[in-house]
Amino acid sequence: MATRGQFSSKIGFLLAAAGSAVGLGNIWGFPTQAASNGGAAFLLVYLILAFVLAYPALMAELTIGRYARANVVSALSGLHPSATLKRAGFIVGLCALTVAVLILSFYAIVAGWMLAEFLSPAAQLLQWDSGASWLNAQSFSRNALMCGAMSALTIMIIARGVEQGIEAWSTRLMPALFLILLGMIAYVFTQQGALAGLKAYLIPDLSQLGNPSLILSAMGQAFFSLSLGVGTMLIYGSYLRDTDNLPRMGAAVTLLDTGFAFTAGLLILPAIYVAQTKGVTVFNDAGVLIAGPDLIFQVLPALFATMGAAGNWLALAFFALMSIAALTSAISLLEVPVSVAVERWGLSRPLAALFSGGIIFAISLLVIWQFDALFNGVITLTTVYGQPLLGVALCLFAGWVMHRHQLLKELSNGHPEIESTWFWKLWPFYVKFICPALILITFVQSLR
Ligand code: TRP
């Protein structure tokens, strides 16, 4: 077998894993959820859940991945010699693969919208008005073409492999992402109304803490944001070197992801209040904050439109931010089926990328075509049901199917003193019992 790909450095892995985690979920999902759920109250619950629930689950994926050094299907079916457990691992692996494919099929559509909104002000700046308005309006052809363009970029990066593709592009794009975000925050804070937004974000509405749907939304958000449950973190873990300290890497990824979400909130909430100061409608007729797609595609563009010439550049910067964030997340989702196709069917990487990416694009086209019937359904199926249930399964595989000594041996690679750490005293028990139980309780609550 050809040698497997590997991240060439700690920072390469960190930027790639943070690239996967930081995405539309951070810049769009998190701030709007915070805005509609009591600001800092949501932030607080989110931070707690990210470290108490999502971090241990992330560690389960990273540990299984590096131990097995294989794609999600082979990894889970190879953890234990018993035939039943092999079969169970195979089935869970296939489910994870399917959910990854479906998540990418809708994620690529949304990424395509972002690309369109990025190209539209660019066309405007080039004085190509008909192009700008075509890019600006929902249509089958626009959505299909832009989704196709995003899928093509994703396929090209993944075709180049772990080091030249995933790592090289994450290392280029992630710093750019952070700089654009900081630049935009700096600009928004020069505008009237920004401070009111900051207050709404950082001063908690504690009455919201008793709201059970807050915990649920925060858990869903944390799982989506950390890319859990579908084997993306497992496959990235499988490309980590033996000399790297797993608990520390996982903690760094969790910190980068929550830090980025928090920082994105410093842009979006003030921007909403600046928009309101400028007379843009930010609350709907029922007095509820406009938080869904309309926030990104109406409120913010309306805000940019009030800013004259600077507005075009701001729109350009903002949707560049969204497109880049979406791209580094999309590549991690495509790596899940591609690694299966390469390692189990022996396809070459470029062929596997083209083949898996092509199938996913076909599904995206179907969803774009039957949008009303399929789009929300696919999102609910994958993020409300698929991710939490698979998250439980992955914790169970790490906690029950892998032996304690296997876990210890894997974790002590890169961290020889692991046995005397708090992490080792708590985590094995935690993934075995607490994590699956907490996820399940929250999940069952959501069904009522
Ligand atoms: N975490 C990314 C975001 O916040 C999206 C993402 C990438 C993802 N890989 C994933 C979500 C795997 C769920 C599962 O936008």
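The expected span of a helix is 1.5 Å times one less than its number of residues, and helices are DSSP runs (H or I, at least four residues) numbered from the N terminus. The model is predicted, so that local features need pLDDT of at least 70 and side-chain atom pairs count only at pLDDT 80 or more, whereas totals for chains, interfaces and linings use all residues. Residues are numbered from 1 along each chain as its sequence is written, and side-chain values use heavy atoms, with hydrogens and water left out.

View 1. Helix H10 comprises 14 residues, 212-225. At 1.5 Å a residue these should span 20 Å, which agrees with the 20 Å between the C-alpha atoms at its ends. Leu214, Ala218, Met219, Gln221, Ala222, Phe223 and Ser225 of H10 are buried; buried means under 20% relative accessible area, exposed over 50% and partly exposed in between (1.4 Å probe, protein chains only). Packing against these buried residues are helices H1 (10-21), H2 (24-36), H3 (40-68), H12 (246-277), H16 (371-401) and H18 (422-447). Serine 227, which follows H10, has a positive phi near 55°.

**View 2. The crossing of H3 and H16.** Two packed helices are described by the angle between their axes and the distance between the axes. The axes of H3 and H16 come within 9 Å and cross at roughly 60°; axes are lines fitted to C-alpha atoms, for helices over the stretch in contact, and angles run from 0 to 180 degrees between N-to-C directions. H3 and H16 are therefore oblique to each other, given that angles under 35 degrees count as roughly parallel, over 145 as roughly antiparallel, 65 to 115 as roughly perpendicular and the rest as oblique. The crossing of H3 past H16 is left-handed, a term used if the near helix is turned anticlockwise from the far one by less than a right angle, with right-handed used if clockwise. Ala57, Ala60, Glu61 and Ile64 of H3 meet Leu394, Cys395, Phe397 and Ala398 of H16 in this contact (heavy atoms within 4.5 Å). The contact residues of H3 with H16 comprise seven nonpolar, no polar and one charged; Ala, Val, Leu, Ile, Met, Phe, Trp, Tyr, Cys and Pro count as nonpolar, Asp, Glu, Lys and Arg as charged, and the others, Gly among them, as polar.

**View 3. The pairing of H5 and H6.** Helix H6 (residues 129-136) packs with H5 at an angle of about 165°, and their axes are 8 Å apart. H5 and H6 are therefore roughly antiparallel to each other. H5 passes H6 in a left-handed crossing. From H5, the contact draws on Ala116, Glu117, Leu119, Ser120, Ala123 and Gln124, and from H6 on Asp129, Gly131, Ala132, Leu135 and Asn136. Five nonpolar, four polar and two charged residues form this contact of H5 with H6.

View 4. Within helix H17 (residues 404-412), Gln406, Leu407, Leu408, Glu410 and Leu411 are buried. The buried residues of H17 pack against H3, H12, H16 and H18.

**View 5. Leucine 426 in helix H18.** Leucine 426 is found in helix H18 and is partly exposed, with a relative accessible area of 48%. Its C-alpha lies 9.9 Å from that of proline 56, although leucine 426 and proline 56 are 370 residues apart in sequence.

Terms used
Helix = DSSP H or I, 4+ residues; strand = E, 2+ residues; numbered from the N terminus.
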